[in-house]
Amino acid sequence: MSSIHLHSVSKHYGAVAAVDDVSLDVAQGEFVTILGPSGSGKTTVLTMIAGLNHPSAGSIHIGGRDVTALPAAQRNIGLVFQSYALFPHMNVFDNVAFPLSVRKVGARETRQRVEEALARVRLDGFERRKPSQLSGGQQQRVALARAIVFKPDILLLDEPLGALDRKLREEVQIELRRLQRSLGITTILVTHDQEEALSLSDRIVVLDHGRVQQIAAPREAYLRPSNRFVADFLGTANFLEGRIGPDRRSILLGGGQAIPCGASTLPEGARVTAILRPERLALEPDGAGGILPATVSEAVYLGQSVRYHVETPTGPMVAVTPGGRGGFAAGAQVSAAWQPDDVWIIPDGGSTPG
Amino acid sequence: MASIRRFPAEFGYVLPLLLLMLAVFILPIVLMLARSVTQPEWTIEHYQNLIETSVYLRVLGRTLRIAVITTIACAVLGYPLAYWMRGLSSQRQVLATALVVLPFWISILVRTYAWIVVLGNAGVVNRVLLDLGLVGAPVAFLYNELGVIIGTTNVLLPFLVLPLFAAMVRIDDRLLHAAESLGASRSTVFRRVFFPLSLPALAAGSILVFILTFGFFITPAILGGGRVPMVANALDLLINQFARWETAAALSTVLLVVTLACFAVSRWVGARGATS
């Protein structure tokens, strides 16, 4: 159980910076998710913490110890790969016992700890099976048992749920969170799945092109994204560009419309982007007094909800409404409405004022 | 059920080849092997003859010894080579594979005679050794078992290296990384993860080399200079010099049984490798 500190960590491959000046403090027992698209450098950050890859610059401390130059085998880290990386020639017991046997743990203690770890992931009784005889979800849990059996200081998870189907993934997510809490182990998870990041983590690190875009709690990152990339990557967002109006409670859009927003600290006339989440956007029948007139171009029924693609004078927007009765058909004339406080404003060409 | 019903149609595609094989390969072999127990009447006398005549046992023993040593030599030389090739960039892997395969493009006869130029009393190796003063007289590399083993190892090395290399490439690096992250040193990763995963291919390649050496003819004929006859050379003598077809048939049967037994072992090893 240790804290993790990354100080200005960079990794260059030739002229390309895969990871660019990343600093991160993870508190003891915290669950942090590194979220980013493929090629964002998130896995490189993880492999550097694991010691399978070494930074070109910067330092990494685990539990107060500088491990920057330490090989992976001496870091005492539990690592779970997306591919599970179970040893195909060993049965479940030998796989889970592997980290204990390289640490020269005695036979009796090994047996006891392997059984305990398998019980924790609810796989007791599977000791003699080969990995090839297990389902994906079971293999995943064996990999998890193997990563915690030797009581590592920290747990690193590289897209551990990526290969599971949706239903199973939700189950394993809950189990993973329960396990992490009960062990109290500092955990870093890497994923490109925003739902996974939002549902599992204490904090999310959004990474793009090797650079940190935002570090925040899930709710904070979703509701108050620091820039367009974060807003777009964490779910769907409508972007409206304009300038702060004279009363600083509205934004003047390029087309001349004024839309209401929460009080802004930015000066009048500042160029901003207003971010509006689709589920905060309500569609009302035409003439009911909405903010922007809109025409439904497409209605997508999703069961729990309906997604509307609408055309407004400022361009296309997306609205998501609960999938109850009624609704609008394509071609319907409607108007879009929202609460002023649901608009999140970011100044153009920079990060948020907060 | 479906496979049974489809069987006749698929069978039709291989039927011409099957008939050809039956007529010109399998039937003559069976007839020839049958001579070992049917000539001049039902008898096992030719097998008794094999056992009682020490020369045949010596030939069989020598063949076995050469096959075992060649197999070990190929494994000892081939494993590090395949391991080294696995670590190369993919471009260099193609180049290295081409170099390993290159000898296949040169006639086995040419390669075998080339060894005479290299290893003969006035050959390159002996001249260098003599010039350096490392030996007082030329070392006898040829016309003995050593020469035959050098020759067979050279010819058969690719048969071990290529499948072994292919199997090693398939070993996922992430398994090795996982082992390392779990606390295993480099040597432990090799011993406990990499080597066990490459073992089925090493075993299969070794058995292939063993089987091929067991029936080798040209290399022992040339590099052994007639002084190191193996089973195939003995068969040549029996048939072409002494016209003793029955004894040759009995010896062939022994050769075939050993080969089939090795093949069965390799299938068994392969099946075990596949399930693990």
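## Exercises on a predicted two-chain model

In helix 2 of chain A, A:V92, A:N95, A:V96, A:F98 and A:P99 meet A:V142, A:A145 and A:R146 of helix 4 of chain A. The model is predicted.

**Exercise 1. Classify the contact of helix 2 of chain A with helix 4 of chain A by residue class.**

Solution. 
- Start with the residues from helix 2 of chain A: A:V92, A:N95, A:V96, A:F98 and A:P99.
- By class, the contact has six nonpolar, one polar and one charged residues.

**Exercise 2. Describe how the axes of helix 2 and helix 4 of chain A cross.**

Solution. 
- Locate the helices: helix 2 spans residues 92-101 of chain A, and helix 4 spans residues 136-148 of chain A.
- Their axes come within 7 Å and cross at roughly 30°.
- Angles under 35 degrees count as roughly parallel.
- Helix 2 of chain A is therefore roughly parallel to helix 4 of chain A.
- Now the hand: helix 2 of chain A passes helix 4 of chain A in a right-handed crossing.

**Exercise 3. Work out which strands of the open sheet in chain A stand at the edges.**

Solution. 
- Write down the order of the four strands in chain A: 2-1-4-5, with antiparallel pairing.
- Strand 2 (16-26) and strand 5 (65-66) of chain A each have a single partner strand, so they stand at the edges, and one side of each lacks a neighbour in the sheet.
- Next, take strand 1 (residues 4-13) and strand 4 (residues 57-62) of chain A, which pair in the antiparallel sense over five bridges.

**Exercise 4. Describe the domains of chain A and their contact.**

Solution. 
- The domain assignment gives domain 1 (4-230) and domain 2 (237-347) of chain A.
- Taken over C-alpha atoms, the centres of domain 1 and domain 2 of chain A are separated by 39 Å.
- The contact takes five residues from domain 1 of chain A and five residues from domain 2 of chain A.
- On the side of domain 1 of chain A that touches domain 2 of chain A, the classes are two nonpolar, one polar and two charged residues.

**Exercise 5. Characterise the side of chain B that touches chain A.**

Solution. 
- Count both sides: 16 residues of chain B are in contact with 19 residues of chain A.
- On the chain B side, helix 8 (173-181) and helix 9 (186-214) each supply at least two residues.
- Helix 8 of chain B gives the largest share, six residues.
- By class, the chain B side divides into seven nonpolar, six polar and three charged residues.

Technical notes:
Residues numbered from 1 in each chain as written. Chains lettered and ligands numbered in written order. Predicted model: local features only at pLDDT ≥ 70, side-chain atom pairs only at ≥ 80, totals over all residues. Axes fitted to C-alpha atoms, helices over the stretch in contact; angles between N-to-C directions. Parallel < 35°, antiparallel > 145°, perpendicular 65-115°, else oblique. Left-handed = near helix turned anticlockwise from the far one by under 90°. Contact = placed C-beta atoms within 7 Å. Nonpolar A, V, L, I, M, F, W, Y, C, P; charged D, E, K, R; others polar. Domains from an automatic or database assignment. Pairing = 2+ DSSP bridges.
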